[in-house]
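Q: I'd like to learn how to read helix packing and chain contacts. Can we go through it step by step?

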Number of protein chains: 2
Amino acid sequence: MSARFALVCMTAGINSTEELTLGVVVPFEESRDPNNGLKPLLELVREDMDGINRLILDQAISDVEMIPELAHHLIDSGGKRLRPMLTIAAAKLTGYQGREHVRVAAAVEFMHTATLLHDDVVDESDYRRGKKAARTIWGNQASVLVGDFLLGQAFRMLVEVGSLQVLRILSNAAAVIAEGEVMQLSAAKNLATTEDEYLSIVNAKTAALFLGAAESGAALAERPAEELSALRSYGKNLGIAFQLIDDALDYSGDSKNLGKAVGDDFREGKVTLPVILAFRRGGEDERNFWLRTIGEGKIEDGDLERAVSLISQHDAITATVERARSFGMVARDAMEIFKDSREKQALQDVIGFCIARAH
Amino acid sequence: MSARFALVCMTAGINSTEELTLGVVVPFEESRDPNNGLKPLLELVREDMDGINRLILDQAISDVEMIPELAHHLIDSGGKRLRPMLTIAAAKLTGYQGREHVRVAAAVEFMHTATLLHDDVVDESDYRRGKKAARTIWGNQASVLVGDFLLGQAFRMLVEVGSLQVLRILSNAAAVIAEGEVMQLSAAKNLATTEDEYLSIVNAKTAALFLGAAESGAALAERPAEELSALRSYGKNLGIAFQLIDDALDYSGDSKNLGKAVGDDFREGKVTLPVILAFRRGGEDERNFWLRTIGEGKIEDGDLERAVSLISQHDAITATVERARSFGMVARDAMEIFKDSREKQALQDVIGFCIARAH
């Protein structure tokens with residue numbers, strides 16, 4: 001992490017009241033470790049996560065050798081399993097007493113994994129979470145097909161659970177995610193993309209699964225519409241915040257810790273919020289720079305450094321983190337209809353985790 | 001169609017009794033038009049197919065411009081809609097009185113279309129049904145993502161139907177199809193593939209959806225297990241027959257009529273039944289030819305002609321069509337538990353159509 005970026009984040013934290021309202025109750029020194037916000041959730045779901053991990057390994061089995069090989073590559077690659085944790089926590093929050101939340105959570109993780117496989121093919125990514133992307137080992141063809149297999153398995157598992165409402169929520173998510181990815185593809189290299197248009201993409205490609213993960217936990221518990229809506233809103237806004245921080249990290253993160261190389265989005269011509277803001281805030285010369293690099297894909301030595309510098313110059317990272325924080329506040333407030341509990345606290349703390357990743 | 005191939009088929013027809021047992025009651029002259037076997041089914045489902053076509057157009061709509069564009073390219077490309085017709089006919093056969101069979105049938109067609117999109121990417125095909133493959137117009141990336149969208153929409157539609165049994169049947173099909181495609185990828189270029197191994201692939205990649213399409217019609221009607229099993233068996237065996245004829249056509253068909261260029265499988269290194277048989281029946285010199293072309297992908301001018309000639313020399317097309325006919329007989333017998341009806345007749349006649357395509 002660059003010293004400049006640390007400073008930006010510290011300043012943003014000190015100057016705004018969001019830091020407080022977000023319930024980041026740990027002293028600032030501690031909040032440098034973003035995992036603190038994740039700890040209560042991890043603690044809450046620990047037991048169930050063992051079940052999820054077993055189920056994931058079981059369901060990734062196939063007589064077709066390449067499938068478990070490739071699936072395990074992804075499964076063992078150290079993802080946080082944030083989405084299935086949301087399902088478990090939402091089920092617990094709403095008093096679900098059965099055992100099916102584990103299966104729904106595993107299906108959510110499969111849906112996510114399928115998306116990653118197809119994303120890597122579409123983005124031509126070489127790395128995923130700091131490891132070689134599956135497509136660079138097994139090829140694009142296997143990545144497409146194993147993604148299809150995992151999506152099929154996810155639906156199989158959901159059918160076994162037998163809740164039509166959960167099936168409705170997550171089949172909806174599957175279609176919306178794909179729609180979002182196509183939108184992103186259409187917007188690629190297009191610097192005329194507005195912040196609103198970009199948010200529509202994020203809503204679909206990322207927030208839809210966070211939303212579905214959280215809502216399906218409460219749907220299992222057969223809770224009233226009010227609680228489902230609250231968890232939808234929580235999941236959606238948390239998902240947007242998560243994605244915006246991800247976008248910020250691509251121009252400021254530490255590739256070793258994050259498994260994402262700084263500049264991936266830049267090289268892939270993705271028009272993310274930091275770029276949208278820097279493009280709009282910049283002068284003609286700068287806009288020509290963005291049009292040449294992101295727009296036409298003509299990237300030369302030193303261009304990434306200039307991009308990072310322009311983004312910093314226009315406070316585009318600070319602004320992106322501020323936007324994320326604002327969505328985080330909406331997520332936090334959405335949860336206020338629930339009475340205080342360990343589960344509610346854990347779900348609210350994870351908002352801080354998602355945003356603190358930017359530190 | 002080559003004169004040699006017509007002769008082979010005629011001989012096969014005259015020499016065997018299958019032609020009769022398959023219920024091809026039309027005189028041989030007429031059976032030259034394979035569509036005769038399809039007519040009763042087309043007649044039976046005509047009204048419902050209008051509903052399916054409307055639903056397909058409705059559900060392919062998205063605010064994301066590229067999705068309906070690409071989807072309509074496929075939808076309008078003149079596929080026979082054989083799979084959804086099976087669903088409709090099976091529902092009618094088993095006395096289903098509701099309206100949901102139309103939605104299930106449209107979902108089946110979406111699943112099929114999603115598979116085609118991903119297949120073309122995996123196979124790097126340039127043509128599909130005689131039109132440019134979507135990937136050559138919109139790119140591999142859009143094909144992957146729009147395929148995902150259509151699969152998501154298929155599940156959304158099935159959830160709306162609300163039958164967990166239909167969902168179970170078709171989510172199972174989705175996972176098995178993907179598994180079959182991965183198997184096919186693993187077997188690509190591998191001339192050690194046995195006929196049995198190849199049949200496992202066909203069972204998964206093609207027969208699973210025929211099976212699901214037929215069974216789900218009876219599942220809607222909530223018929224006893226015996227009838228569901230019969231339609232599973234019918235669909236599975238019809239699907240295998242269909243695929244084997246497809247494989248035969250790739251070394252003998254007429255690309256203008258079939259939308260498939262002769263030699264596609266050859267160029268893609270697919271080890272299909274005609275190749276498996278010609279390889280096994282051939283001498284060392286011939287095996288080396290197959291190892292160089294299919295195995296190593298080193299294809300020179302004149303190689304396709306030699307491949308077609310070797311396949312013909314070893315009667316590998318005749319044998320493939322005979323195998324297909326044998327699966328067709330199993331499909332026909334599976335239907336015998338149903339009392340005679342227009343629906344039963346139409347479903348049995350379509351077996352003849354699938355096999356007569358080889359004429």
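Q: Is the crossing of helix 4 of chain A and helix 7 of chain A left-handed or right-handed?

A: Keep in mind that this is a predicted model. Here, the crossing of helix 4 of chain A and helix 7 of chain A is right-handed.

Q: What angle do the axes of helix 4 of chain A and helix 7 of chain A cross at?

A: The general idea goes like this: two packed helices are described by the angle between their axes and the distance between the axes. In this case, helix 4 (residues 39–59) of chain A crosses helix 7 (residues 100–123) of chain A at roughly 55°, and their axes come within 9 Å. The two helices of chain A, helix 4 and helix 7, are therefore oblique to each other.

Q: Which residues of helix 4 of chain A and helix 7 of chain A meet?

A: On the helix 4 side of chain A, look for D48(A), G51(A), I52(A), L55(A), I56(A) and Q59(A). They meet H101(A), V102(A), R103(A), A105(A), A106(A) and E109(A) in helix 7 of chain A. By class, this contact of helix 4 with helix 7 in chain A has six nonpolar, three polar and three charged residues.

Q: At what angle do helix 6 of chain B and helix 7 of chain B pack?

A: The angle is about 155°, with the axes of helix 6 (residues 82–93) of chain B and helix 7 of chain B 8 Å apart. That makes helix 6 of chain B roughly antiparallel to helix 7 of chain B. Their crossing is right-handed.

Q: How many residues does the contact take from chain B and from chain A?

A: It takes 36 residues from chain B and 36 residues from chain A. On the side of chain B that touches chain A, helix 9 of chain B gives the largest share, 14 residues.

Terms used. Residues are numbered from 1 along each chain as its sequence is written. Chains are lettered from A and ligands numbered from 1 in the order in which they are written. This is a predicted model: local features need pLDDT of at least 70, side-chain atom pairs count only at pLDDT 80 or more; totals for chains, interfaces and linings use all residues. Two residues are in contact if their C-beta atoms, placed from the backbone, lie within 7 Å. Helices (H or I, at least four residues) and strands (E, at least two) are DSSP runs, numbered from the N terminus. Axes are lines fitted to C-alpha atoms, for helices over the stretch in contact, and angles run from 0 to 180 degrees between N-to-C directions. Angles under 35 degrees count as roughly parallel, over 145 as roughly antiparallel, 65 to 115 as roughly perpendicular and the rest as oblique. A crossing is left-handed if the near helix is turned anticlockwise from the far one by less than a right angle, and right-handed if clockwise. Ala, Val, Leu, Ile, Met, Phe, Trp, Tyr, Cys and Pro count as nonpolar, Asp, Glu, Lys and Arg as charged, and the others, Gly among them, as polar.
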